[in-house]
Amino acid sequence: MLDYSIEAFTMRDYEAVYGLWRETEGVGLSSADEPEQIAAYLERNPGMSFVARAGGEVVGAVLCGHDGRRGLLHHLAVRSDSRRQGIGAALVERCLEGLRSQGIEKCHLFVFRSNQSGIEFWRSQGWEERLTLVLMSKDTV
Ligand SMILES: CC(C)(COP(=O)(O)OP(=O)(O)OC[C@H]1O[C@@H](n2cnc3c(N)ncnc32)[C@H](O)[C@@H]1OP(=O)(O)O)[C@@H](O)C(=O)NCCC(=O)NCCS
């Protein structure tokens, strides 16, 4: 088993995390993932986003935050050579602990419909697919 630690995500890890996200299938990156936006996100949501580190390298990462009512989790990724060792589940649990500690009782996430293994992971962790909801989005600029 891999010897890993779960640590707070800080901007010192940004390059490594961005590289992991870029090489991870199922993670969709956008202008919202540029350094300035991620720094702002981490500042707004302290203590809720995490990296997993093994042998000094980032092998997993997740972003999490809330709007005062509900939590939102983004970009969970575990390096392909480090999967099925509990790292993904441990990262998510730390996020949920962070939300609970702020009184947030429910968390949502987005997953691409094409990401069947991602969907299986979330189901195995007790997440419910919301068949009665449709995600709608609009650019503000
Ligand atoms: C999804 C992902 C984060 C899981 O990370 P992981 O560290 O391998 O997950 P864990 O080891 O914590 O898995 C815990 C349990 O989840 C389930 N699980 C994990 N990966 C699974 C998969 N690909 N298919 C089905 N079930 C899965 C299993 O029940 C597993 O327990 P087990 O290994 O004892 O059978 C990782 O596969 C990944 O980075 N995938 C690509 C990115 C992605 O899809 N992210 C999520 C969408 S936002």
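**Note on the predicted model and its ligand shell**

1. Three elements, β4 (71–78), α3 (87–101) and α4 (116–124), each supply at least two residues of the shell around the ligand. Helices here are DSSP runs of H or I with at least four residues, strands are runs of E with at least two, and both are numbered from the N terminus. The most is given by α4, with six residues.

2. On the basis of the note: this is a predicted model, in which local features need pLDDT of at least 70, side-chain atom pairs count only at pLDDT 80 or more, and totals for chains, interfaces and linings use all residues. Residues are numbered from 1 along each chain as its sequence is written, and side-chain values use heavy atoms, with hydrogens and water left out.

3. The ligand has 21 residues around it, of which Arg 84, Gly 86, Gly 88, Ala 89 and Asn 115 come nearest. A residue is near a molecule or strand if one of its heavy atoms lies within 4 Å of it. By class, the shell divides into eight nonpolar, nine polar and four charged residues. In this division Ala, Val, Leu, Ile, Met, Phe, Trp, Tyr, Cys and Pro count as nonpolar, Asp, Glu, Lys and Arg as charged, and the others, Gly among them, as polar.

4. A polar backbone atom of Arg 84 is 2.8 Å from an oxygen atom of the ligand. For Gly 86, a backbone N or O atom lies 2.8 Å from a ligand oxygen. For Gly 88, a ligand oxygen is likewise 2.8 Å from a backbone N or O atom. The ligand exposes 900 Å² when taken alone, and the protein buries 77% of that. Accessible areas come from the Shrake-Rupley method with a 1.4 Å probe; for residues, only the protein chains shown count as cover.

5. Two residues deserve a look at their backbone angles. Most residues other than glycine have a negative phi. Arg 84, not a glycine, has a positive phi of about 60° and lies in the loop between β4 and α3. Arg 84 is exposed, at 85% relative accessible area. His 75, also not a glycine, has a positive phi of about 55°; its place is in strand β4. His 75 counts as buried, at 17% relative accessibility. Buried means under 20% relative accessible area, exposed over 50%, and partly exposed in between (1.4 Å probe, protein chains only).

6. The structure holds zero disulfides. Cys 64 is in no disulfide, and the nearest cysteine sulfur, that of Cys 95, is 4.3 Å away. Cys 64 is buried, with a relative accessible area of 0%, and Cys 95 is buried with a relative accessible area of 0%.

7. The count of aromatic pairs comes to four. Rings of Phe, Tyr and Trp (its six-membered ring) pair if their centres lie within 6.5 Å; planes under 30 degrees apart count as stacked, over 60 as edge-to-face and the rest as tilted. The pair of Phe 121 and Trp 122 is edge-to-face, because the ring centres are 5.0 Å apart and the planes stand at 70°. Phe 121 is partly exposed, with a relative accessible area of 25%, whereas Trp 122 counts as buried at 10%. Ring pairs link Phe 121, Trp 122 and Trp 127 into a cluster.

8. Gly 118, in helix α4, is buried with a relative accessible area of 13%. From Gly 118 to Asp 139 there are 21 residues in sequence and 26 Å in space, C-alpha to C-alpha. Gly 103 lies in the loop between α3 and β5 (107–109) and counts as exposed at 52% relative accessibility. Its C-alpha atom is separated by 24 Å from that of Arg 123, 20 residues apart along the chain.

Methods: Polar contact = N/O pair within 3.5 Å; in protein donor to acceptor, adjacent residues only side chain to side chain. Disulfide = S-S within 2.5 Å.
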